[in-house]
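Please look over the sequence and the structure below before reading on.

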Amino acid sequence: MPSPAVHREGTPAYWKKGVQAGLPIAIGYMPVAFTFGLLAKAAELSLFETIGMSVIVFAGASQYIALSMIVAMSGAAELILTTFIMNIRHLLMSASLKERAEDDPKWLRAIYAFFITDETFSVAATSSEKKITGSYLLGLGIVAYSCWVIFSGVGYVMGAGLPQSLQDSMGIALYAMFIALLVPAAKKSKKVIALAATAAVLNSIFSFVPTLNGGWGIILSTLIAAVSIEFFMKGDERDE
């Protein structure tokens, strides 16, 4: 039985297809990454820390929540656990893609699994190819990843050039960003509204408990809200 090997035949063509498929994602990432850089500057992160977070984490929602927790002086354990909970869905995405991906070496799977986001997964999962090659997934992921990292840095540098009064006001932009992300989803699903409202109420209550005032309160309110809403509102109730 032949050992797993990188698919050689047509590799440049698959790579090119992956890059082409990733370009729309990269363009969509530009303003989000740029805003992340601006907010990271407002949260008093250094340029190295801002780019480093995008290089290592590469998860927009988690990075935005991390900024709010850093501002709230949360500890490292709270940040890591929150990021884990936020991204645990990627385990299912990776398992799903593995069924369609070629039998590549484990080191190559580990690399392109790192590039999985909601957007790259959606594009890869809906690909018309019967089998997805590692070259395609690498091209898709690297172009999206590069754009996210570069524009995080660009946003930070541009934010540093803004007047101090405008930099100080950028703190409110973080909350505006969360609202902007929430409203489109809330228009389509009552569960999203119930989830956000329950988590907000619980987190407000936990803020009066000294041991839960901060990151642990966010983690606990998120978990309780997610489990309780799924239990009481079974199924996907959408307002069409």
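Phe114 is partly exposed, with a relative accessibility of 35%; buried means under 20% relative accessible area, exposed over 50% and partly exposed in between, with a 1.4 Å probe and protein chains only. This is a predicted model, in which local features need pLDDT of at least 70, side-chain atom pairs count only at pLDDT 80 or more, and totals for chains, interfaces and linings use all residues. Residues are numbered from 1 along each chain as its sequence is written, and side-chain values use heavy atoms, with hydrogens and water left out.

**Aromatic pairs**

- The whole structure holds 10 aromatic pairs, where rings of Phe, Tyr and Trp (its six-membered ring) pair if their centres lie within 6.5 Å; planes under 30 degrees apart count as stacked, over 60 as edge-to-face and the rest as tilted.
- Phe36 and Tyr64 make an edge-to-face pair, at 5.9 Å centre to centre and 85° between the planes.
- Phe36 belongs to helix H1 (residues 11-42) and Tyr64 to helix H3 (residues 60-71), so this pair ties together parts 28 residues apart in sequence; helices are DSSP runs (H or I, at least four residues), numbered from the N terminus.
- Phe36 and Tyr64 are both buried.
- Phe58 and Phe114 form a tilted pair, 6.3 Å centre to centre with 40° between the planes.
- Phe58 sits in the loop between helix H2 (47-56) and H3, and Phe114 in helix H6 (residues 106-114), so the pair ties together parts that are 56 residues apart in sequence.
- Phe58 is buried, at 4% relative accessibility.
- One aromatic cluster is formed by Tyr29, Phe36, Phe58, Tyr64, Phe114, Phe115, Tyr145 and Trp148.

**Salt bridge**

- The search of the whole structure gives 1 salt bridge, defined as a side-chain nitrogen of Lys or Arg within 4 Å of a carboxyl oxygen of Asp or Glu.
- Arg89 and Asp118 are the partners, at 3.0 Å from N to O.
- Because Arg89 lies in helix H5 (residues 89-100) and Asp118 in helix H7 (residues 118-125), the pair ties together parts that are 29 residues apart in sequence.
- Arg89 is partly exposed at 31% relative accessibility, and Asp118 is partly exposed at 32%.

**Helix H4**

- Glu78, Thr82 and Asn87 are the buried residues of H4.
- These residues cover an arc of only 145° around the axis, so they are on the same side of H4; the arc is that of the directions from the helix axis to the C-beta atoms.
- Ala76 and Ile80 are exposed on the other side of H4.

Key:
Helix = DSSP H or I, 4+ residues; strand = E, 2+ residues; numbered from the N terminus.
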